[in-house]
Amino acid sequence: MYLLETIPAVNIPREHPQILSYFSNEPVSRGTLILIPLRNKPTPAIVLSQTDISSQKTQLKKSSFTLKKINKIISLEPIFSEKEFIFLKWFADYYFLPLGLALKTILPTKLLKAKGPLKTGLRITNYELRNLESNSSLYFSDDRIDFYIQKIKENLKNNKQSLILFPEQINALSFFNQVNLIFEPNQISFLSGNLAPKKYLDEWLKIASNDTKIIIGARSAIFSKFSDLGLIIIDEEQDQSFKSWNMRPYYNSRECAIKLGEIFGAETILASSTPSIETYHKTKSRIHPPAGGQESKKSNYRSSTSIVASAPPYVIPEKSGIQTQHQIIDMRDEVRKGNEIISEDLAAELEKISQNSRQAILFINRRGSATFIFCRECGFSLHCKNCDVPIVFHKEIKGEKQLLCHHCGHREKSPDICPKCGGHKIRYSGIASQKAEEKIKELFPDLKIKRLDSETVLSTQDIQKAISDFKEKRVDIILGTQIILNKDFPKADIVAVLSIDTILNLPEFRTDERIYQIINQLKKYRGNGGTFLLQTFKPESEIFPIALNSNFAKLYEREIEARKLFNYPPFFRLIKLTHRNSNPQLAFKESHKIAEKINVLSGNSENFKIIGPAAGFIPRIKNQYVYNIIIKSNLGIKDRNNILNIIPTKDWTIDIDPISLI
Ligand SMILES: [Zn+2]
Ligand SMILES: [Zn+2]
């Protein structure tokens, strides 16, 4: 008879034990997937250890009879290797997750639903485990694809697997199509959370058995079952899409990939033309420009040694032949002239489109792109009844204006008269992408414009269609929100930022970095001799010239100083604790009580600073009052988790490395 320690692959609240004991009549190896009875339901679990107790004393035998027997062995071979146990433990510890939830996140759903014996054909090889050390570097360049392919080829020669991560599925697909022309298609796996569960499991097993050598995917591809990983590339490493910010567990694929690199001893390359301040800081002495040969002829980067020698930061030189032609437009003047969304200069540029068959890409910031409803007579603005946010205009159905709350989905009909003063002058304000579209259509009725935002883009295909329409000149103007960044749009004659000020006004420490990234990603769309216009109500902001000149050195210098001063990353790790409560007094009390407890536990440590609690930027969402506590921590994971342990599970969420602090 065997005593088994198991990890159930279900979310068990962290105050309960995560490792449960069962017995089995047959031996079951560590790493095997089995079914155990949990709350009278067969539940998938991974075996952590087995002990033969047949020959042991009756005492132990007796006590183990109070244990339940496992239901069934599912995988005929172990499916979890030592490396995966290490990753699982790190994943759960680092993100402060119950072990069961961490395991459930990693394993394919299809596998967890398996009811009968499953022949995976896997042979878990346990490599000798070394000390974990990071071999990561930064590839700082605009043109990266050729470099990726060269690295994959080198890695293939060593018969090792490569993982190439992209922020969004559309980027991953585009790369997948390119490598399919270069490498044997059966060597390549595309892994995405959007695959059908059966297909996902098939790809997962192919990767596990080392049949595929090149694994391409977006966020969740880090949960592939790698057999022998030698190379990891994270494209656009700064992209916030790598973070699961709206769904528990709140992990970041970039951090997970770096950890995988350590576990497998794989070369890890963080790549971008607008790297994050954190990554630049960490990899400062390991930054590479394109390798020699044709690459270096194409662009005018300095040689490898001089880059390393010249670090700290350098400026990406403008490529020769492209004139720097950008202009900041003061929208305060424009409003005085009566131009609301499109400035005089931009209108003049767009005018040229119709004359010379040119093309334009226009950006409008997603946040604040909604249309608020307010009364022109008393200034009253309409709010959602469940959340403390303005309710926004959604669409017109049969002459009736529909309003929508983006936070809870509440819909209502727009009032004809002001609910407060009874006035009749209800106005719709704010720069909406829809409103901008209408304005452009009104000014230039002949131009074909395609609006791309969360309303018009529902799938990857919608973006792909817009890109090909623009390529084949069936569309003159692309007008879009963040959705248009980092896509394969061809170069345009005019690139303009209609509005970006709402980001500037957010009380977030990454604001300048974000603006730099957005402007520089848009600049890539500007063709040779093209024009770049930036409309703003704050033309004096120092970040604009830095971003427009792609002066990364200056950005880094400013940012790193401020972050050191205010204890932000990369000097401290951030943790965001959020409490939600339907009772405003209780919300206040409970969040203050917990903050006090944390304060006492951490003993005013220099390495653990607590800010707040403070009411959320949106103080009430879905009828729940929101309070945030921000922690800046330099403690090791274990000490940090000892403190976090006092936070109740109910009504609290814990976000490690949050992307937003408000
Ligand atoms: Zn009114
Ligand atoms: Zn709402």
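# A walk through the model, from helix 3 onwards

Select helix 3: its buried residues are covered by elements that include strand 1 (2–8), strand 4 (41–52) and helix 2 (82–94). Helices (H or I, at least four residues) and strands (E, at least two) are DSSP runs, numbered from the N terminus. Buried means under 20% relative accessible area, exposed means over 50%, and partly exposed lies in between (1.4 Å probe, protein chains only). Contact, or touching, means heavy atoms within 4.5 Å.

This is a predicted model, in which local features need pLDDT of at least 70 and side-chain atom pairs count only at pLDDT 80 or more, while totals for chains, interfaces and linings use all residues. Residues are numbered from 1 along each chain as its sequence is written, chains are lettered from A and ligands numbered from 1 in the order in which they are written, and side-chain values use heavy atoms, with hydrogens and water left out.

## Stop 1

How many of its eight residues are buried? Six are, which leaves the helix mostly covered. Colour L99, G100, L101, A102, L103 and I106 to see the buried ones.

Now show the five-stranded open sheet, whose order is 2-1-4-3-5 and whose pairing is antiparallel. Two strands pair if DSSP finds at least two bridges between them. Strand 2 (20–24) and strand 5 (72–73) are the edge strands; each has a single partner strand, so one side of each is left without a neighbour in the sheet. Strand 1 and strand 4 run antiparallel and are joined by seven bridges. To find one of them, select L3, whose bridge partner in strand 4 is T51. Helix 3 packs on this sheet, touching strand 1 and strand 4, and its direction makes about 75° with that of strand 1. Such angles run from 0 to 180 degrees between N-to-C directions, and axes are lines fitted to C-alpha atoms, for helices over the stretch in contact.

## Stop 2: helix 2 against helix 8

On the helix 2 side, the contact is made by K83, I86, F87, W90 and F91. On the helix 8 side, E255, C256, K259, L260, I263 and F264 take part. As background, an α-helix has 3.6 residues a turn, so residues three or four places apart point the same way.

Is S253 buried or exposed? S253 is buried, with a relative accessible area of 0%. Not counting residues up to four places away in sequence, S253 touches L165, R219, I222 and F242.

## Stop 3

Move to the open sheet of six strands, with the order 13-23-22-14-21-20 and parallel pairing. At its edges are strand 13 (326–330) and strand 20 (449–452), each with a single partner strand, so one side of each has no neighbour in the sheet. From one strand to the next, the twist averages 15°.

Strand 22 (residues 492–499) pairs with strand 23 (residues 526–536) in the parallel sense over five bridges.

- Helix 14 (residues 433–443) touches strand 14 (360–364), strand 20, strand 21 (477–480) and strand 22, and its direction makes about 175° with that of strand 20.
- Helix 17 (residues 511–523) touches strand 14, strand 22 and strand 23, and its direction makes about 145° with that of strand 23.

## Stop 4

Select C384, C387, C405 and C408, which an unreviewed UniProt entry annotates as "binding site". They span 25 residues in sequence, yet no two of their C-alpha atoms are more than 8.7 Å apart, so they gather at one spot. UniProt positions are given in the numbering used here, feature names are shortened, and annotations may be inferred rather than shown by experiment.

C387 sits in the loop between strand 15 (372–375) and strand 16 (392–397), and C387 counts as buried at 0% relative accessibility. Apart from neighbours within four places in sequence, C387 is in contact with C405, H407, C408, R620, I621 and K622. C405 is in the loop between strand 17 (400–404) and strand 18 (411–413). C405 is also buried, with a relative accessible area of 1%. Leaving aside neighbours within four places in sequence, the contacts of C405 are C384, C387, V389, I391 and H410.

## Stop 5: N567

Finish at N567, in the loop between helix 19 (552–565) and strand 24 (573–581). Which residues does N567 touch, not counting those up to four places away in sequence? They are F572, K609 and K632. N567 and K632 are 65 residues apart along the chain, and their C-alpha atoms are separated by 7.0 Å.
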